[in-house]
Amino acid sequence: MRTVSILGSTGSVGRSTLAVVDAFPDDLRVVGLAAGANIELLAAQVKKYRPELVSVRTDSDVPKLRAVIGDAVAIVSGSKGASDVASMPSANAVIAAIVGAAGIPPVYAALRAGKRVGIANKEVLVAAGDVMTSTAREHGGEILPVDSEHNAVHQAIRCGTHQEIQRIILTASGGPFLRRELDTFDEISIEAALAHPTWKMGSKISIDSATMMNKGLEVIEAHHLFSLPADRIDILIHPQSIVHSMVEYIDGSIIAQLSTTDMKFPIQYALLYPERVQAPFARLDLAKIRTLDFLPVDPRRFPAVELAYEACRTGGSMPAVLNAANEIAVERFLAGELSFPAIVEIVSRVLERHAGKVAPIASVEDALEWDRWARNEARGTDVAVSR
Ligand SMILES: NC(=O)c1ccc[n+]([C@@H]2O[C@H](COP(=O)([O-])OP(=O)(O)OC[C@H]3O[C@@H](n4cnc5c(N)ncnc54)[C@H](OP(=O)(O)O)[C@@H]3O)[C@@H](O)[C@H]2O)c1
């Protein structure tokens, strides 16, 4: 029996994780839940899964949750509370599915406690990848990718050695604006940007997929997870989202991983690895799909991708700054303050301002300090394309 703490249990990946727990009642048990502000859903999850410890985002939410669930379960709060859930002694695995840099302290706590961390929360690796991988090494923690692309690569690299890898090819759906006229990007509405063609996800990653910043963040994530430089991590647009990613070996063979667009597959893999178990989820029927398309990324349509490559090549604090500026720009777009093209424009300006300041990230505190700096810069930046 594997015991699991879920960070971000009320979100899209968190809910898929609970569906995986439901599917494997003899193998998986929930011991900790951490969420943000959705107290109603969290209370229902507590009643159903009976964890030992629950965390909410703010102190003021503690009595609200207590009023619904009573005294049976301990409730903690804030970043410290999420870190307590991540490092609780009775959990042997953690699914990290909080959105954004808010996940940095709890993921660090989990790795310091030697847990297996199934990581969906890519922003943690983007902002503090070296700290997380070295912490895992030092404390016996383990990082398994839940992001479907990296999970695919994790499966494909089991076919060869690190020296035999030529490159990684991350696939990308291209999002909702793959074929939209470029001169109409200024008019893109929030609803249109949230309408992802193949995946149903939280709002931040949906916007990141529309700008393709998501794929840029994934390049940095892959760099940390698989110890490869940015120039050996390529991106191919694959609108059907069936091939989740590929590894090309030096002999020219390419190994790909395919499944339906369902996060339960990578979550189940990360929780039960190295075992493969009989899964009850809907299978892929390639005869029905018939066609798989691939095309290169157009840098004029998706300028975020090159920004992320550049940040990855520069390293140090640059990726943390890219991530934080993007989080704020996306937040401002979702609040109706910015046009769609302004998201990437703001990130670009903050990166330019950071160019002479790049510093090493040797600790979580370093990452959080540059994260704060970039958030302030992105909040204070206005661009001509603002609404
Ligand atoms: N969705 C996908 O299919 C998918 C695929 C690959 C990777 N990912 C990555 O997985 C992560 C989660 O994505 P998602 O789509 O599941 O996002 P989501 O639906 O927006 O869920 C985010 C979760 O994080 C919680 N949360 C937010 N801020 C928090 C804080 N400060 N403290 C504690 N909890 C907090 C939210 O709680 P409340 O809702 O209660 O406020 C919610 O449970 C992201 O990093 C994303 O890039 C997602």
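Leaving aside its neighbours within four places in sequence, which residues is L65 in contact with? Select L65 and look around it. The contacts are I39, L42, A43, V54, V56 and I75. Keep in mind throughout that this is a predicted model.

**Stop 1: L65**

L65 sits in helix α3, which covers residues 61–69. Count the C-beta atoms inside 10 Å of L65: there are 21 neighbours, so L65 counts as buried. The cut-off for that label is 20 or more. V54 is one of the contacts of L65. The two residues are 11 apart along the chain, and their C-alpha atoms are separated by 9.5 Å.

**Stop 2: the whole chain**

Zoom out and show the chain as a cartoon. It has 16 helices and 11 strands. The radius of gyration is 20 Å, close to the 21 Å that the globule rule gives for 387 residues, so the chain is as compact as a globular protein of that length. Along the principal axes, the C-alpha atoms fill a box of roughly 55 × 50 × 40 Å. Of the 387 residues, 48% count as buried. Take the contacts between residues at least 6 apart in sequence: 71% of them join residues at least 24 apart.

**Stop 3: the domains**

Domain 1 is 2–145, domain 2 is 151–261 + 282–312, and domain 3 is 315–387. Domain 2 is therefore written as two segments, 151–261 and 282–312, when you type the selection.

The centres of domain 2 and domain 3, taken over C-alpha atoms, are 22 Å apart. Their contact takes 19 residues from domain 2 and 18 residues from domain 3. On the domain 2 side, the elements that give two or more residues are α8 (190–194), α9, α10 (213–226) and α13 (303–314). Select α13 to see the element that gives the most to this side, with 6 residues. By class, the domain 2 side divides into 14 nonpolar, 2 polar and 3 charged residues.

**Stop 4: the ligand**

Bring domain 1 back and select the residues around the ligand. Which of the 29 come nearest? They are G8, G11, G36, M201 and G202. The shell draws at least three residues from each of domain 1 and domain 2.

Next, highlight α1 (12–23), α6 (122–139) and α9 (203–211), each of which supplies at least two residues of the shell. The largest share, 3 residues, comes from α1. Helix α9 has also been on this tour already, among the elements on the side of domain 2 that touches domain 3. Colour the shell by class and you will find 14 nonpolar, 10 polar and 5 charged residues.

**Stop 5**

Select residues 148–156, which form helix α7. How many of its 9 residues are buried? The count is 9 of 9. They are S148, E149, H150, N151, A152, V153, H154, Q155 and A156. Show what they pack against: β7 (142–145), β8 (165–172), α10, β10 (243–249), β11 (254–258) and α11.

Finish on α11, residues 264–272, which is mostly covered, with 8 of its 9 residues buried.

How values were computed. Residues are numbered from 1 along each chain as its sequence is written. This is a predicted model: local features need pLDDT of at least 70, side-chain atom pairs count only at pLDDT 80 or more; totals for chains, interfaces and linings use all residues. A residue is near a molecule or strand if its C-beta atom, placed from the backbone, lies within 6 Å of it. Helices (H or I, at least four residues) and strands (E, at least two) are DSSP runs, numbered from the N terminus. Ala, Val, Leu, Ile, Met, Phe, Trp, Tyr, Cys and Pro count as nonpolar, Asp, Glu, Lys and Arg as charged, and the others, Gly among them, as polar. The radius of gyration is taken over C-alpha atoms; the globule rule is 2.2 Å times the number of residues to the power 0.38. A residue is buried if 20 or more other C-beta atoms lie within 10 Å of its own, exposed if 12 or fewer, and partly exposed in between; C-beta atoms are placed from the backbone. Two residues are in contact if their C-beta atoms, placed from the backbone, lie within 7 Å.
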